[in-house]
Amino acid sequence: MGRHRSDPLGIARLALVGLVVVLLLAVIVVGARALLSTFGSEEPAAGASSTPSAQSSAEPSAESSPPRVPTVRVVCQADLCPVFVRVPGGDVLIDRDLARGEQASYFQPELDVVLDDASTVEVFENGTARSPGPAGERQAFSVKRSADQQATDQ
């Protein structure tokens with residue numbers, strides 16, 4: 001009879017294949033979550049403070065104090081409204097197309113706003129409506145939080 005010996009790489013191969021399968025599943029799950037968050041709902045994630053949403057997560061809850069007036073509120077009036085809002089020299093808060101009826105509100109002290117077609121959106125600066133621009137005209141402007149709003153924030 002011949003000598004019987006077990007293959008020393010048998011268990012190692014199974015462990016390696018199992019590890020590869022687990023890593024592949026992890027990559028698929030992470031990729032799917034990232035893709036769904038791109039196309040998914042506009043609800044801000046817990047703890048996220050500058051995610052684009054229907055209302056900025058910096059807005060206080062209704063029971064804590066009277067509602068604050070946002071520095072900028074943009075409401076889309078057309079099928080698609082390209083909107084770009086950022087903190088000057090800092091974070092981009094939104095850079096995407098809003099759908100009809102969708103709105104975005106931001107409470108930062110100073111903001112830069114760029115509208116590809118100023119006639120497709122309704123813009124409120126510190127609660128006051130901004131006059132719409134001519135159809136097809138691109139507008140870029142800055143908004144600072146009004147002094148009376150800054151006093152109520154503190």
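In this predicted model, Asp112 sits in strand β5, which covers residues 110–115. Because its relative accessibility is 15%, and buried means under 20%, Asp112 counts as buried. The side chain of Asp112 is joined to that of Ser142 by a polar contact of 2.6 Å. When neighbours within four places in sequence are left aside, the residues in contact with Asp112 are Phe84, Val85, Arg86, Pro88, Phe141 and Ser142.

The strand that holds Asp112 belongs to an open sheet of four strands, which are arranged in the order β3-β2-β5-β8 with antiparallel pairing. At the edges of this sheet stand β3, residues 92–99, and β8, residues 139–144, each of which pairs on one side only. On average, and with direction ignored, neighbouring strands here are turned by 20 degrees against each other. Within the sheet, β5 pairs with strand β2, residues 80–86, in the antiparallel sense over four bridges, and Val85 has Val113 of β5 as its bridge partner. Val85 is also one of the residues in contact with Asp112.

The model also has an open sheet of four strands in the order β4-β1-β6-β7, again with antiparallel pairing. Its edge strands are β4, residues 103–106, and β7, residues 128–130, and each of them pairs on one side only. From one strand to the next, the twist in this sheet averages 20 degrees. Strand β1, residues 72–76, and strand β6, residues 121–125, run antiparallel and are joined by five bridges; the bridge partner of Arg73 in β6 is Phe124.

Key: Residues are numbered from 1 along each chain as its sequence is written. This is a predicted model: local features need pLDDT of at least 70, side-chain atom pairs count only at pLDDT 80 or more; totals for chains, interfaces and linings use all residues. Side-chain values use heavy atoms; hydrogens and water are left out. Helices (H or I, at least four residues) and strands (E, at least two) are DSSP runs, numbered from the N terminus. Buried means under 20% relative accessible area, exposed over 50%, partly exposed in between (1.4 Å probe, protein chains only). A polar contact is a pair of N or O atoms within 3.5 Å; within protein, one must be able to donate a hydrogen and the other to accept it, and residues adjacent in sequence count only if both atoms are side-chain atoms. Contact means heavy atoms within 4.5 Å. Two strands pair if DSSP finds at least two bridges between them. Axes are lines fitted to C-alpha atoms, for helices over the stretch in contact, and angles run from 0 to 180 degrees between N-to-C directions.
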